Amino acid sequence: MAPDERVDSASILIVDDEEPIRQALSRVLDKLGHEVHTASSGDEALNLLRSGLPIEIMLLDVKMPGMSGFDVVTEALEIDGEIGIVMLSGLNDATTAAICMQRGALDYLTKPIEVTELSTSVGRTLRKRHTR
């Protein structure tokens, strides 16, 4: 990210059923200066939001056991209409991305996620969140 693209730090919730992915994303975002929280399921993520934990951005896996990322998007936006949601998927699928965006996600990233791509997406999501 170029210096003029630097964004303020944000409170970010990573929601993924795979612990290595949560850990890797957490390390990267922490090094970028963000406050990071993690959840291993959609239910856990929604409980954190309901508890009043101030989250600006949620990085949300599309495909998880139990509650899918599709379902979490809708409920998360009902809890906090200001949260910026970035969907994460192992598949580069235009239909899945379109469904995510229709449900209210602001961005869609395909795993594996490059550091610059993640940083750019977080900045873009923060800007979109602040302008809506």
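**Exercise 1. Sort the residues lining the largest pocket by class.**

Solution. The lining has five charged, three polar and three nonpolar residues. Here Asp, Glu, Lys and Arg count as charged; Ala, Val, Leu, Ile, Met, Phe, Trp, Tyr, Cys and Pro as nonpolar; the others, Gly among them, as polar. Now name the residues. Asp17, Glu18, Asp61, Val62, Lys63, Phe70, Ser89, Gly90, Leu91, Thr96 and Lys111 line the pocket. A pocket is an open set of points on a 1 Å grid over the protein atoms alone, where a 1.4 Å probe fits, with protein on both sides within 12 Å along at least five of seven lines; lining residues have an atom within 4 Å of a point.

This is a predicted model: local features need pLDDT of at least 70, side-chain atom pairs count only at pLDDT 80 or more, and totals for chains, interfaces and linings use all residues. Residues are numbered from 1 along each chain as its sequence is written, and side-chain values use heavy atoms, leaving out hydrogens and water.

**Exercise 2. Describe how helix H2 (residues 42-50) packs with helix H3 (residues 69-79).**

Solution. Helices are DSSP runs (H or I, at least four residues), numbered from the N terminus. Start with the axes, which are lines fitted to C-alpha atoms over the stretch in contact; angles run from 0 to 180 degrees between N-to-C directions. The H2 and H3 axes lie 10 Å apart, at an angle of about 5°. H2 is therefore roughly parallel to H3 (angles under 35 degrees). Next, find the contact (heavy atoms within 4.5 Å). Gly42, Leu46, Leu49 and Arg50 of H2 meet Val72, Glu75, Ala76 and Ile79 of H3. By class, that contact has five nonpolar, one polar and two charged residues.

Methods:
Helices (H or I, at least four residues) and strands (E, at least two) are DSSP runs, numbered from the N terminus. Angles under 35 degrees count as roughly parallel, over 145 as roughly antiparallel, 65 to 115 as roughly perpendicular and the rest as oblique.
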